[in-house]
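I opened a new notebook page for this protein. My plan was to look up its overall build, then a few local spots.

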Amino acid sequence: MTLDAAAPARTRGTVRVVGTGLLGTSAALALTLRGVDVVLVDPSPTAVALARDLGAGRFPAAGDDPALVLVAAPPDVVAEVVAAELAAFPRAVVTDVASVKGGPLASLTAAGADLRRYVGSHPMAGRERSGAVSARTDLFAGRPWVIAATGVTDPVAVRAVRDLAMDCGGVPVTMAAAEHDAAVAVVSHAPQVAASLVAARLREASETAVGLAGQGLRDVTRIAGSDPTLWAQILAGNAAPVADVLEDLRRDLDDVVGALRALALDPTAPGARGRLARVIADGGSGRDRIPGKHGSAPTAYTTVVVVVPDRPGALGRLLTEVGEAGVNLEDLRLEHSEGQAVALASIDVLPASADPLTEALRARGWTVPR
């Protein structure tokens with residue numbers, strides 16, 4: 001999904017973006033593409049100048065009266081920044097894109113902020129790299145954008161934030177703050193911890209062992225390179241829900257360790273293999289619930305593996321010839337093996353397309369292992 005720059009913007013008036021990191025600059029780029037007047041603000045003059053140079057908006061000017069303020073500040077200061085923006089612009093709707101919602105809402109409530117004009121929100125999008133230089137116009141395209149209004153929020157304010165989300169390409173999803181925080185603990189925050197813990201084991205592994213790493217390890221540890229400072233703030237801000245998920249995970253892990261220790265002592269230990277199989281099966285059942293490309297229901301794809309020579313233009317030619325075969329590519333993963341002059345391209349397609357694609361690629365000279 002890409003943004004349609006020709007479509008008229010739903011957002012009316014000037015939007016003030018406070019915080020020109022990855023999320024703030026990406027939102028600003030998407031809005032500017034639609035012709036929305038965007039004002040950029042950041043404590044760092046260098047950061048805001050970079051966002052401006054990237055075409056995300058303009059510097060503030062005297063008399064600016066934003067209709068909407070989007071706060072993209074770190075989780076540990078977001079409530080303070082939101083409160084300041086609500087006070088500075090008494091006619092503006094203020095939203096934030098922090099990845100936790102309950103803590104900021106509690107702080108704003110305690111401070112007596114005007115919650116009628118505040119709408120907490122959270123686009124479920126990001127990248128391993130941070131900063132304005134990593135921003136993308138289509139970062140939010142097709143991604144859920146949670147809107148966590150309160151019982152006192154003005155419906156006009158909620159509508160303004162929904163319009164903002166859709167103008168950025170997001171798909172609005174309404175959730176209460178507590179519901180949101182419990183949900184992201186399961187689908188985002190605990191997975192970050194798990195990926196980091198697995199990747200941390202590699203620090204003590206031998207070079208020979210690390211050299212055997214395949215795509216499975218890369219998939220599991222892909223997000224382990226995230227910003228430690230930011231994630232310390234996120235985890236601290238959502239501490240209780242994340243701890244609940246990790247305690248459940250610890251119980252499951254203890255069961256796996258128990259089964260393995262039993263087998264180490266007695267390879268015929270009754271029930272141990274069944275416990276291990278159940279863990280893998282439960283994981284598959286959980287993974288099957290992850291939404292697929294074509295909507296909320298997961299889609300089963302077939303993977304066609306193609307050997308790609310490690311030379312300029314080879315991957316581009318492969319993708320072109322997949323298209324010429326009349327097959328829609330659903331997903332693509334590229335795996336390199338140490339010391340080999342080829343890569344393996346895993347192409348996910350609808351099951352009915354797998355055999356025709358295999359035949360078409362072999363006819364064009366590609367090696368497609370059986």
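My entries follow, from the whole chain down to single residues.

**Ground rules.** I am working with a predicted model, where local features need pLDDT of at least 70, side-chain atom pairs count only at pLDDT 80 or more, and totals for chains, interfaces and linings use all residues. Residues are numbered from 1 along each chain as its sequence is written, and side-chain values use heavy atoms, leaving out hydrogens and water.

**Whole protein.** I found 13 helices and ten strands (DSSP runs numbered from the N terminus: helices are H or I with at least four residues, strands are E with at least two). The C-alpha atoms fill a box of roughly 70 × 55 × 40 Å along the principal axes. Of the 370 residues, 37% count as buried. Here buried means under 20% relative accessible area, exposed over 50%, and partly exposed in between, with a 1.4 Å probe and protein chains only.

**Valine 133.** I placed valine 133 in the loop between β5 (118–123) and β6 (144–148). Valine 133 counts as exposed because its relative accessibility is 64%.

**Aspartate 219.** This residue sits in helix α8 (residues 215–221). Its relative accessibility is 43%, so aspartate 219 counts as partly exposed. I then looked up alanine 195, which is 24 residues away along the chain; its C-alpha atom and that of aspartate 219 are separated by 9.3 Å.

**Helix pair.** Which residues of α10 meet α11? I noted Asp255, Val256, Gly258, Ala259, Leu260 and Leu263 in α10. Their partners in α11 are Ala272, Arg273, Arg275, Leu276, Arg278 and Val279. Contact means heavy atoms within 4.5 Å.
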